[in-house]
Each structure stands twice: as C-alpha cells, then as structure tokens.
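Dear colleague,

I am pleased to hand over the structure that we discussed. Please find it below, followed by a summary of what was found in it.

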Amino acid sequence: MPTNFDLLVAAKAVEKTFAKRVKALETQVKDEFIEKYRNDGTDRMRSTVFDGKAAWMTMKGGKPSETVTKFQMTDAQAVIDWMDENRPETDSFATDNLAQFAQWWFEHTGECPDGCKVITYDTEPTEPTPALTVKEAMVLPVLQDNPRILGEVNELLLGEGEDAS
C-alpha cells in the first residue's frame with residue numbers, strides 16, 4: 001500500500017512530465033500560430049472542439065522601435081567643476097545627489113553639465129506574441145464526455161509507456 005509520500009513522489013513525477021510535454025506542445029502551437037500570422041495575418045484562433053468561449057489564442061501586438069534619450073554622468077569631477085562655476089545655484093541638493101542633480105539640471109534647463117553626456121538610441125522592435133486563454137471549467141466537461149480526445153491528451157501527457165525523461 002503506497003504511503004502519502006509515495007503518492008506525492010508519483011504525483012510530482014507525473015507533474016514534471018506533464019509540464020515538459022505541455023510546454024513543448026504550447027511552443028509548437030505558438031510557433032505555428034506565429035507562422036500563420038506572418039503568412040496571412042491571422043491574429044486569433046479558437047478551438048474547433050471546445051466552445052469558442054472556452055479557449056482562444058490571440059496575437060498580442062509587438063512594439064515598434066522607439067527613440068530613447070538617456071542621461072548619464074561620465075565624469076564626477078567635471079560635474080563638480082561645473083557646479084563650482086555655477087554657484088550658488090548648484091550647491092544645496094547637488095552635493096549629496098550629484099548624478100540625479102545633473103540629470104535634473106539637464107531636464108529642466110536643457111544644459112548638459114560638463115562631465116555628463118546624453119545618449120539617444122533606438123530600441124529594437126519586438127515581435128507580436130501569442131497569448132493563450134483557457135477556461136478549464138468549460139473545457140474539462142467537454143473533455144470528459146469525449147473519450148477520443150481524452151485518450152489523446154492522456155497519451156500526450158503520460159506517453160505510451162516510453163521513458164518519460
């Protein structure tokens with residue numbers, strides 16, 4: 001008679017195997033969906049077996065490239081020298097928060113203090129990505145009533161007795 005520990009060990013082994021196989025299948029389906037999106041613009045799909053409100057996949061839009069401006073202090077001593085030349089306006093807060101103050105100064109006056117630089121670059125665009133939604137409360141009853149699909153899912157998740165590694 002198996003103990004609770006034995007059941008836990010078995011359940012964890014099955015859980016890990018399930019997770020690996022589900023991840024592989026999800027990757028395959030998403031890759032196919034991306035290919036279809038690129039080929040003909042299809043940006044959503046629904047199950048033909050389960051209610052259309054039970055599960056679907058949509059393409060979440062990617063982001064275009066953006067121009068980013070980044071402020072960076074490159075030489076603290078040069079900033080201090082710049083501060084000395086611009087006293088008393090630069091004294092109070094700046095000594096303890098030099099980099100933040102230099103950035104604040106740039107953002108509010110447009111002047112880039114000595115020892116600092118502004119970097120502008122374009123970000124890489126991102127590709128659209130599939131987003132899967134599954135409402136298990138709607139899917140599971142249909143699955144339970146359809147032994148053929150249930151068998152295929154069991155075979156996918158548990159295999160046909162082959163080594164699960």
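The protein chain has a radius of gyration of 29 Å, whereas a compact globule of 165 residues would have one near 15 Å. The radius of gyration is taken over C-alpha atoms, and the globule rule is 2.2 Å times the number of residues to the power 0.38. Along its principal axes, the C-alpha trace spans about 80 × 50 × 30 Å.

Please note that this is a predicted model, in which local features need pLDDT of at least 70 and side-chain atom pairs count only at pLDDT 80 or more, while totals for chains, interfaces and linings use all residues. Residues are numbered from 1 along each chain as its sequence is written, and side-chain values use heavy atoms, with hydrogens and water left out.

**Overall architecture**

The protein chain contains 5 helices and 5 strands, which follow one another along the sequence in the pattern α-β-β-β-α-α-β-β-α-α. Helices (H or I, at least four residues) and strands (E, at least two) are DSSP runs, numbered from the N terminus. Of the 165 residues, 18% are buried; buried means under 20% relative accessible area, exposed means over 50%, and partly exposed lies in between (1.4 Å probe, protein chains only). The chain exposes about 12,000 Å², of which carbon and sulfur atoms supply 54%. Accessible areas come from the Shrake-Rupley method with a 1.4 Å probe, and for residues only the protein chains shown count as cover. Among contacts between residues at least 6 apart in sequence, 70% join residues at least 24 apart, a contact being heavy atoms within 4.5 Å.

**Helix 2 and its surroundings**

In helix 2 (residues 76–85), the buried residues are Ala-78, Val-79, Trp-82 and Met-83. Seen down the helix axis, these residues fall within an arc of 145°, so they line one face of helix 2; the arc is that of the directions from the helix axis to the C-beta atoms. An α-helix has 3.6 residues a turn, so residues three or four places apart point the same way. The cover over the buried residues of helix 2 includes strand 3 (67–73), helix 3 (98–109) and strand 4 (116–122).

Cys-116 belongs to strand 4 and, at 12% relative accessibility, counts as buried. Not counting residues up to four places away in sequence, Cys-116 touches Phe-71, Gln-72, Met-73, Thr-74, Val-79 and Ala-102. The C-alpha atoms of Cys-116 and Lys-135 are separated by 53 Å, although the two residues are 19 apart along the chain.

**Helix 4**

Val-142 is found in helix 4 (residues 136–144) and is partly exposed, with a relative accessible area of 32%. Leaving aside neighbours within four places in sequence, Val-142 is in contact with Val-49 and Phe-50. Val-142 and Phe-50 are 92 residues apart along the chain, yet their C-alpha atoms are separated by 6.8 Å.

**Salt bridges**

How many salt bridges does a search of the whole structure find? The search finds 5, where a salt bridge is a side-chain nitrogen of Lys or Arg within 4 Å of a carboxyl oxygen of Asp or Glu. Three of them are described here, beginning with the pair Lys-36 and Asp-40, whose side chains meet at 2.9 Å, N to O. These two residues are 4 apart in helix 1, and are therefore separated by about one helical turn. Lys-36 is partly exposed at 42% relative accessibility, and Asp-40 is partly exposed at 47%.

Arg-38 forms a salt bridge with Glu-127, with the closest N and O atoms 3.4 Å apart. Arg-38 lies in helix 1 and Glu-127 in the loop between strand 4 and strand 5 (129–134), so the pair ties together parts that are 89 residues apart in sequence. Arg-38 counts as exposed at 53% relative accessibility, as does Glu-127 at 51%.

Arg-44 and Asp-43 also meet in a salt bridge through their side chains (3.2 Å, N to O). Arg-44 is exposed, with a relative accessible area of 55%, whereas Asp-43 is partly exposed, with 30%.

**A nonpolar surface patch**

Phe-5, Leu-8 and Val-9 make a nonpolar surface patch of about 310 Å². Patches are made of residues with over 30% relative accessible area and no salt bridge; like charges are joined within 9 Å, and nonpolar side chains (Val, Leu, Ile, Met, Phe, Trp, Tyr) within 5 Å. Leu-8 is placed in helix 1 (residues 4–40) and counts as partly exposed, at 46% relative accessibility.

With kind regards
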